[in-house]
Number of protein chains: 2
Amino acid sequence: MASIRKITLERQVPKIIGMHVYGNMSGIDEKLLTDMDFLLLKVKESAKAGNLHIIEILTKKFKLHGAEAGVSIIALLEESHISLHTWPEGNYATLDVYSCGAASNPDAAFKYIVAALKPTSVKISRASRSNC
Amino acid sequence: MASIRKITLERQVPKIIGMHVYGNMSGIDEKLLTDMDFLLLKVKESAKAGNLHIIEILTKKFKLHGAEAGVSIIALLEESHISLHTWPEGNYATLDVYSCGAASNPDAAFKYIVAALKPTSVKISRASRSNC
């Protein structure tokens with residue numbers, strides 16, 4: 001009787017690589033934090049700095065008690081997203097650069113925007129968004 | 001000679017309250033992860049569950065080797081943003097619910113989407129996005 005070899009075929013789960021760099025920035029010149037054109041340019045340039053590719057961008061200018069206030073900018077990327085939210089009344093902004101794939105550099109994009117905003121303090125965190 | 005009282009007026013920095021709940025979810029039925037209508041509905045419903053207010057939404061359907069692949073959904077909120085990125089080839093998705101202000105409940109929104117996607121495992125993290 002011929003021997004029977006049992007072969008187990010396991011389905012390989014593809015590795016999804018994701019890195020999320022995010023931070024809270026204080027002590028920023030409030031004039032910068034309402035300047036949509038400036039902030040939008042910096043988000044676009046940061047994507048280039050991080051080898052990230054913008055598909056589309058959403059923006060919103062907020063008002064506080066009828067006056068010009070913070071802005072939100074969210075860039076949908078081929079590699080995930082960048083978000084920037086600002087609160088000029090607190091000289092404060094938060095930034096997220098989340099990228100998937102091994103070809104991009106979210107740290108470089110993050111640092112690019114920090115260099116543009118010149119906060120007096122930055123609290124940076126990094127989180128894996130990978131499935132492995 | 002009259003005494004001189006020195007009064008120091010310190011500028012109060014407004015408190016910006018922000019909470020970011022994010023997670024990586026594995027073991028999701030891949031059919032759900034390409035179903036833009038279903039995912040978009042769940043993002044909208046999750047915002048209601050968390051008392052979050054959508055301003056505008058960006059969506060993108062990706063292709064992998066010519067076939068239907070993952071999607072990205074980013075909702076710009078009055079309170080910051082929700083993002084959902086999916087990778088059906090890995091039965092994998094990542095979710096961010098970031099809200100500012102004390103009136104919203106990002107955990108409720110997060111849990112709403114988890115309940116809809118039914119992952120076999122979820123790694124949840126919470127990060128303060130406050131300036132205090």
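## The sheet of chain B

In this predicted model, chain B holds an open sheet of six strands in the order E2-E3-E4-E5-E1-E6, with antiparallel pairing (strands are DSSP runs of E with at least two residues, numbered from the N terminus; two strands pair if DSSP finds at least two bridges between them). E2 and E6 of chain B stand at the edges with a single partner strand each, so one side of each has no neighbour in the sheet. From one strand to the next, the twist averages 10°.

Nine bridges join E2(B) and E3(B) in the antiparallel sense. B:Thr59 has B:Ile73 in E3(B) as its bridge partner.

## Helices across the sheet

Helix H1 (residues 36–49) of chain B lies across E2, E3 and E4 of chain B, at about 20° to E3(B). Helix H2 (residues 106–117) of chain B lies across E1, E4, E5 and E6 of chain B, at about 160° to E5(B). Helices are DSSP runs of H or I with at least four residues; axes are lines fitted to C-alpha atoms, for helices over the stretch in contact, and angles run from 0 to 180 degrees between N-to-C directions.

## Contact between the chains

In chain B, 26 residues are in contact with 27 residues of chain A (C-beta atoms, placed from the backbone, within 7 Å). E4(B) gives the most to the side of chain B that touches chain A, with five residues.

## Basis of the model

Residues are numbered from 1 along each chain as its sequence is written, and chains are lettered from A and ligands numbered from 1 in the order in which they are written. Local features need pLDDT of at least 70, side-chain atom pairs count only at pLDDT 80 or more, and totals for chains, interfaces and linings use all residues.

Conventions
Two residues are in contact if their C-beta atoms, placed from the backbone, lie within 7 Å.
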